[in-house]
Amino acid sequence: MTRSPGRLLTRFQRLPVVGRLVLAVALAMTFVLVGAAGLVYWRVETALDGQLDEDLAAYQHTLDRAVRSGQDLPAGPNGSLGQVLDRHGRILRAGAAVRDQPLLTPAESAAAAHGAVVRRDIGALLPITAGTLRLRAQHVTVGGQPRIVVAAVQRGHRDEALRELLAQLAFASGLTLLAASYVGYRTARAALRPVERYRLGAAALAAGADASPGLRLEVPTDRDDEITRLGHTLNRMLDRLAASAAREHQFIADASHELRTPLTLMRAELDVALHRPRTAEELTETLRAVDAEARRLVTLANALLDLEQLGSGERIQRVPIALDRLLDDTCAQYRTAAERDGRTLTVLYDHATVRVDPRWLEPAVGTLLDNALRHGRGAITVNVRARDGRLLLSVSDEGAGFPPDFLPHAFDRFSRAEASRTTPGAGLGLALVAAVAASHGGTAHAENVPPATTGTEGTTGATITLDVPC
């Protein structure tokens, strides 16, 4: 019963990688060894046959000369035989060993009588048989009568040498195949040992055996092969998974922390309203308070979702946009609010086109302007420059600036300066600005500087700068 190639291929693919590699090495080495052994055997056989044919041709020539001269058949090489036949295949003269048994078949005798040279081996190389010969017969004319001279030499030494060669080749090829398979097995195991180590590390992570966010696979630093690069890739994947888990935990912690207060206030307002009958004015006031907290919840939820979307690695979509269009559309509404407060909003920019994602950059600029209007004083200046493939966007005001101990934490989530805690806000604005800058491959920086518009000694102003490639 034969197996179909498809089933054999399926069984081969189900083997372990080490087994497949060893089997592939063994098959390849088998083909190589069989080819090499066949080439060696052919070369040796050709050499032995050439020598045997030379001996046979020399003996044939000696017989021909003796038959033409009427002499007795000479003795040839050890174990050689000679016969002289008529045209019908009858033995006329022969050595003692083959006096009564013709060496040629009737068909061969007929062919030789018509002038053909007959060559034939008697006996096989394997299995071992006695009396193996190589004969050569050709037509000669003696006294006007056709004769067939048959010369035969023993093949025993030639066959014995070839059988010994076959045994040696089989033995050497078998040892070589075993050695190659063993080396292939050890090499495959050594090459795949790091992969198994990586698999165990990944399995431990998947099973939660090691909850440490700093889980790393041991990757050699002095190598640069495919397995090492796989280890570095897996480590980068683990870093991203750890960062994703950290963002998820941060999002849950931030949401639970900030949503608790407005929800508690809303519940308190409703409990008070339901505690006893209220007038229409009191109910209206309660609904206004609940509406304010609901708006705060919506704003907070949107800010958290925006931060999570940016932090999850969403690819920004850069499009060419002129700076005047980007800034005029964004600053128009804030200019009206500044004028209502008796303040000025000045926008300075280069007439250039940059490649940014306006979906995120416009809200970031709006957040900076909103912070300057709510927490700053005096004139507000937006200064935008495009230089050497980078966009520098800064928003400055003439207020009291940031408290010195707040500057290192200005872009942290829910981080608010003491002076601004009495004003509305969740402390997510600057965190969103920093996330927008990071998503563009840039940075955000906050500092206190003397306002350029006033030049008043001792006064300070807050300046926030975005530096992003464009």
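Is Glu45 buried, partly exposed or exposed? In this predicted model, where local features need pLDDT of at least 70, side-chain atom pairs count only at pLDDT 80 or more, and totals for chains, interfaces and linings use all residues, Glu45 comes out as partly exposed, with a relative accessible area of 22%. The scale here takes buried as under 20% relative accessible area, exposed as over 50% and partly exposed as in between, using a 1.4 Å probe and protein chains only. Residues are numbered from 1 along each chain as its sequence is written, and side-chain values use heavy atoms, with hydrogens and water left out.

On to the sheet. Helices (H or I, at least four residues) and strands (E, at least two) are DSSP runs, numbered from the N terminus. Two strands count as paired if DSSP finds at least two bridges between them. By that rule, five strands make up an open sheet in the order β2-β1-β5-β4-β3, with antiparallel pairing. β2 (91-94) and β3 sit at the edges, each pairing on one side only. From one strand to the next, the twist averages 25°; axes are lines fitted to C-alpha atoms, for helices over the stretch in contact, and angles run from 0 to 180 degrees between N-to-C directions.

Strand β4 (residues 133-142) is mostly covered, with seven of its 10 residues buried. On one flank, β4 runs antiparallel to β3 (residues 118-122), joined by five bridges, and Arg120 has Leu135 as its bridge partner in β4. On its pairing with β5 (residues 145-154), β4 is again antiparallel, this time over 10 bridges. Here Val140 stands opposite Arg147, while Val142 has Gln145 as its bridge partner. The β4-β5 hairpin has two residues between the strands, and Gly143 takes a positive phi near 60° there.

Two helices meet this sheet. Helix α2 (residues 17-69) lies across β1 (81-85), β2, β4 and β5, at about 30° to β4. Helix α3 (residues 106-113) packs on the sheet too, touching β1, β3, β4 and β5, and its direction makes about 155° with that of β3; contact means heavy atoms within 4.5 Å.

Then there are the charges. A salt bridge is scored when a side-chain nitrogen of Lys or Arg lies within 4 Å of a carboxyl oxygen of Asp or Glu, and a search of the whole structure turns up 14 of them. One of these pairs Glu45 with Arg158, with 3.4 Å between the closest N and O atoms. This pair links distant parts of the chain, 113 residues apart: Glu45 belongs to helix α2 and Arg158 to helix α4 (residues 156-206).

Through shared partners, salt bridges join Glu45, Asp49, Asp53, Asp121, Arg134, Arg155, Arg158 and Asp159 into one network.
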